[in-house]
Amino acid sequence: MENLLNQKKRIKNPLVPVGALMTAGVLTAGLVSFRQGNSRLGQLLMRARVVVQGATVALMVGTAYYYGEKM
C-alpha cells in the first residue's frame with residue numbers, strides 16, 4: 001500500500017501548472033482591461049479565461065483517468 005502511494009506522488013503533469021498560470025494571466029489582463037475602461041477587451045479576455053480554465057480542468061481529469069487506469 002505504501003509503495004502505491006509513493007508511486008502516485010511521483011506522477012505529475014507539467015501542463016496543469018502551465019494551464020493554471022495561463023488562466024491567472026488571462027484573468028489579470030481582463031481585470032486590468034476592465035479597470036482601464038476597455039470593457040470590450042475585458043469581456044473577450046474573460047471568455048478566453050473560461051476556455052483556458054476549462055482546458056486545464058479537462059487536462060486534470062484526463063490525466064487522472066489515464067493514470068487511474070494504469071494503477
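Residues 24 or more positions apart account for 54% of the contacts in the protein with a separation of 6 or more, a contact being heavy atoms within 4.5 Å. This is a predicted model, in which local features need pLDDT of at least 70, side-chain atom pairs count only at pLDDT 80 or more, and totals for chains, interfaces and linings use all residues. Residues are numbered from 1 along each chain as its sequence is written, and side-chain values use heavy atoms, with hydrogens and water left out.

**Overall build**
- The protein has three helices and zero strands; helices (H or I, at least four residues) and strands (E, at least two) are DSSP runs, numbered from the N terminus.
- Along the sequence, the pattern reads α-α-α.
- Of the 71 residues, 17% count as buried, where buried means under 20% relative accessible area, exposed over 50%, and partly exposed in between (1.4 Å probe, protein chains only).
- Carbon and sulfur atoms hold 63% of the accessible surface of about 5,700 Å², as computed by the Shrake-Rupley method with a 1.4 Å probe; for residues, only the protein chains shown count as cover.

**Annotated spans**
- An unreviewed UniProt entry carries the annotation "transmembrane region" for residues 15-34 and 46-67; positions follow the numbering used here, feature names are shortened, and annotations may be inferred rather than shown by experiment.
- Residues 15-34 are 100% helix and 0% strand in the model, with end C-alpha atoms 28 Å apart.
- Residues 46-67 are also 100% helix and 0% strand, and their end C-alpha atoms lie 32 Å apart.

- R49 sits in helix α3 (residues 39-70) and counts as partly exposed because its relative accessibility is 22%.
- Leaving aside residues up to four places away in sequence, R49 touches T23, V26 and L27.
- The side chains of R49 and Q53 are joined by a polar contact of 2.6 Å, meaning a pair of N or O atoms within 3.5 Å; within protein, one must be able to donate a hydrogen and the other to accept it, and residues adjacent in sequence count only if both atoms are side-chain atoms.
- T56 is in helix α3 too, and T56 counts as buried because its relative accessibility is 10%.
- With residues up to four places away in sequence not counted, T56 touches V16, G19, A20 and T23.
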